[in-house]
Amino acid sequence: MEKLIDEFRKGWQGAAPPSLGLSIAFAVACLLVATLARWGLAQVRPDVYFTPYFPAVFFAAAFGGFRIGIVTAIVGGVLGVVVNFSDALADRARFALLALYWAVSALTIWGVEHYRTMLAEQRRISKRLIEEEDYRKLLVDELQHRLKNKLSTVHAVIHQVLHDQPQVWARVDPRLRSLAATDDLISRIDKAGCDIRDLLISELGPYGHVRFTLNGDRLFLPAKLAVTLSLMFHELATNAGKYGAFSAPRGLLQVSWTVSDDRLTITWDETEGPTVDKVSEPGFGTKLLKSALSAFDGRTEISYLKTGLHCIMQCSIPQGESR
């Protein structure tokens, strides 16, 4: 009995096609209920012959498919003509109503079958997307695992090379550990999001906490926005380490953020770094900074001042995701 109920549930939800026997049994039940309803209506209106069978055709087609729907429509029409709950005999008017009943039933069956086809296609696409998303997550988890292992290997190799230079190792070791912590943070925020201050500290920590200042209230970033900003902060921090404030002994960085009407504004301001004489052609990093926030109705403005790089990032915080 439980198996039959489960088959009926899956068939009604469209998860799996029901068996032919169950489809026929359901159609027969619909016809019996429709005939019983017709008998009840006959106590008030004896000339109601086919109207109660329309729901039977609809439900039978929705459950068992268009073939079961066609059979139900034919049988319902025959019952409307043959079975009488009054003294009235079948006449031309009843046969005209029969033709109209079959025409409307045909349209009903076509509509139900069209809906079933669309639903099946949507289920197929949804299943494929879920499988692809599961595969993507598996691949990302594997890549993160391999990256973590490689970083651990690099850490061990450098430790072996610098074992007789403790002062150099004391400067390198915290940066490698901070990079590892950043990778762990990114893997976590991809699912839950994080606070903007934690994100910035994780990205900028390898360059020394005395080299940067953070100004802004506590702000939780939803996952997608947090991942996007982490990529941008990483690009800016890497450039600061190669060419900007972090590449000079006295270079400093100040990052500040404000929120107004769900619009986030982040200011990245480098000072005391090398003077930028000539700006090269935009590369991948610059294109990333310029376009990354477009999905959040945002934009990025980059200026190369004499005091250092000045970057303003503006975007909308997705509604219902901040806290």
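Let me start with helices α8 and α9. In this predicted model, α8 covers residues 223-242 and α9 covers residues 284-291. Their axes are 10 Å apart, and the packing angle is about 140°. Angles over 145 degrees would count as roughly antiparallel; at about 140°, α8 is therefore oblique to α9.

Which residues of α8 and α9 meet? On the α8 side they are Leu-231, Met-232, Glu-235 and Leu-236. On the α9 side they are Gly-285, Leu-288 and Leu-289. By type, this contact has five nonpolar residues, one polar and one charged. The crossing of α8 and α9 is left-handed.

Next, the pair α4 and α5. Helix α4 runs over residues 66-82, and helix α5 over residues 92-161. Their axes come within 10 Å and cross at roughly 165°. The cut-off for roughly antiparallel is over 145 degrees, so α4 and α5 are roughly antiparallel to each other. The crossing here is right-handed.

The contact list for this pair goes as follows. From α4 we have Phe-66, Gly-69, Ile-70, Thr-72, Ala-73, Ile-74, Gly-76, Gly-77, Gly-80 and Val-81. From α5 we have Arg-94, Phe-95, Leu-98, Tyr-101, Trp-102, Ser-105, Ile-109 and Glu-113. Sorted by type, the residues in the contact of α4 with α5 are 10 nonpolar, six polar and two charged.

On to the cysteines. How many disulfides does a search of the whole structure find? The search returns zero. Cys-311 has 0% relative accessibility and so counts as buried. Cys-315, at 2% relative accessibility, counts as buried too. The cut-off for buried is under 20%.

Last, the protein as a whole. There are nine helices and seven strands. Of its 323 residues, 33% count as buried. As for contacts, take those with a separation of 6 or more: residues 24 or more positions apart account for 66% of them.

To recap the two helix pairs: α8 is oblique to α9, with a left-handed crossing, while α4 and α5 are roughly antiparallel, with a right-handed crossing. On the cysteines, the search found zero disulfides, and Cys-311 is buried, as is Cys-315.

Note on methods. Residues numbered from 1 in each chain as written. Predicted model: local features only at pLDDT ≥ 70, side-chain atom pairs only at ≥ 80, totals over all residues. Heavy atoms only, no water. Axes fitted to C-alpha atoms, helices over the stretch in contact; angles between N-to-C directions. Helix = DSSP H or I, 4+ residues; strand = E, 2+ residues; numbered from the N terminus. Parallel < 35°, antiparallel > 145°, perpendicular 65-115°, else oblique. Left-handed = near helix turned anticlockwise from the far one by under 90°. Contact = heavy atoms within 4.5 Å. Nonpolar A, V, L, I, M, F, W, Y, C, P; charged D, E, K, R; others polar. Disulfide = S-S within 2.5 Å. Buried < 20%, exposed > 50% of the residue type's maximum accessible area, 1.4 Å probe, protein only.
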